[in-house]
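Subject: Structure handover

Hello,

Here is the structure I promised to pass on. Please have a look, then read my notes below.

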Amino acid sequence: MEHNVEWHISEGSTFSPVHHCATVRGPVRKILLGERVALNTLARCSGVATKSARLLSLVRKAGYTHTLAGTRKTTPGFRLVEKYGMVIGGCDPHRYDLSTMTMLKDNHIWACQNSITRAVHAAKAVGGFSIKVEVECQSEEEAEEAIRAGADVVMLDNFSGEGVKVASRSLKERLSKGEGKEFLIEVSGGLTEENVEGFVCDDVDIISTSSIHQGVKHVDFSLKIVH
């Protein structure tokens with residue numbers, strides 16, 4: 001190999017600027033050809049990891065012990081980098097692409113004669129036993145219909161903090177503890193560092209937010225030739 005990278009910090013560790021993170025050895029011309037691509041990728045991934053770790057710390061301090069996840073709303077061409085940043089920051093990357101899990105949103109429901117039950121059954125028939133089905137729900141009633149139809153995950157989308165607590169508690173009490181149905185509850189929609197603590201609830205299995213990867217400030221890195 002023409003290039004060698006020696007890292008001086010461990011992956012996922014924190015540091016304060018200015019810090020010598022790595023030493024790159026190799027032909028100068030080829031290092032400079034790849035400099036900007038490498039720095040941009042590192043800056044983007046580190047920004048996502050930093051934001052992910054910060055939000056995870058907030059929900060853990062608020063007593064949340066379950067999963068904090070990103071979303072699939074990633075930058076075109078940078079999905080793998082951003083998903084990796086979420087993982088390094090301690091968060092779940094959520095589904096990688098459309099084939100990882102079937103997620104039924106309002107348009108899919110409308111396309112199935114506005115029937116959640118019909119949409120879930122259709123998705124299950126096509127995906128088989130190996131593909132989970134998640135349904136985006138706007139009310140507790142929609143979530144209940146999705147669960148009874150066989151959805152593996154229900155997303156309480158754009159609920160208020162209090163609405164999340166009431167709906168998730170009711171669903172778990174009635175359908176999980178009461179009837180033995182197995183499902184996960186995900187909460188998403190407009191969650192940020194400023195309001196996420198209000199959605200923390202033991203009955204919620206996953207809190208997902210695009211705020212840990214969309215519009216995230218990059219971590220500034222530079223490369224200097226030693227001479």
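How many bridges join strand 4 to strand 5? Three, and the two strands run parallel. Strand 5 covers residues 133–137. Within it, glutamate 134 is the bridge partner of methionine 103. Keep in mind that this is a predicted model.

Now the sheet around that pair. It is open and has six strands, in the order 3-8-7-6-5-4. The pairing is parallel. Strand 3 (67–69) and strand 4 (102–104) form the edges, and each pairs on one side only. On average, neighbouring strands of the sheet are turned by 25° against each other, direction ignored. As background, strands of a sheet pair through backbone hydrogen bonds, either parallel or antiparallel.

Next, the whole chain. The protein chain contains six helices and eight strands. Read from the N terminus, the elements go β-β-α-β-α-β-α-α-β-α-β-α-β-β. The C-alpha trace spans about 70 × 40 × 25 Å along its principal axes.

Packing comes next. The protein chain has 227 residues, and 39% of them count as buried. Take the contacts between residues at least 6 apart in sequence: 59% of these join residues at least 24 apart.

Last, surface and charge. The protein chain exposes about 12,800 Å². Carbon and sulfur atoms supply 54% of that area. There are 27 positive and 29 negative side chains. The centres of the two sets lie 6 Å apart.

Over to you.

Best wishes

How values were computed
Residues are numbered from 1 along each chain as its sequence is written. This is a predicted model: local features need pLDDT of at least 70, side-chain atom pairs count only at pLDDT 80 or more; totals for chains, interfaces and linings use all residues. Side-chain values use heavy atoms; hydrogens and water are left out. Two strands pair if DSSP finds at least two bridges between them. Helices (H or I, at least four residues) and strands (E, at least two) are DSSP runs, numbered from the N terminus. Axes are lines fitted to C-alpha atoms, for helices over the stretch in contact, and angles run from 0 to 180 degrees between N-to-C directions. Buried means under 20% relative accessible area, exposed over 50%, partly exposed in between (1.4 Å probe, protein chains only). Contact means heavy atoms within 4.5 Å. Accessible areas come from the Shrake-Rupley method with a 1.4 Å probe; for residues, only the protein chains shown count as cover. Lys and Arg count as positive and Asp and Glu as negative; His and the chain ends are not counted. The place of a charge is taken as NZ of Lys, CZ of Arg, CG of Asp or CD of Glu.
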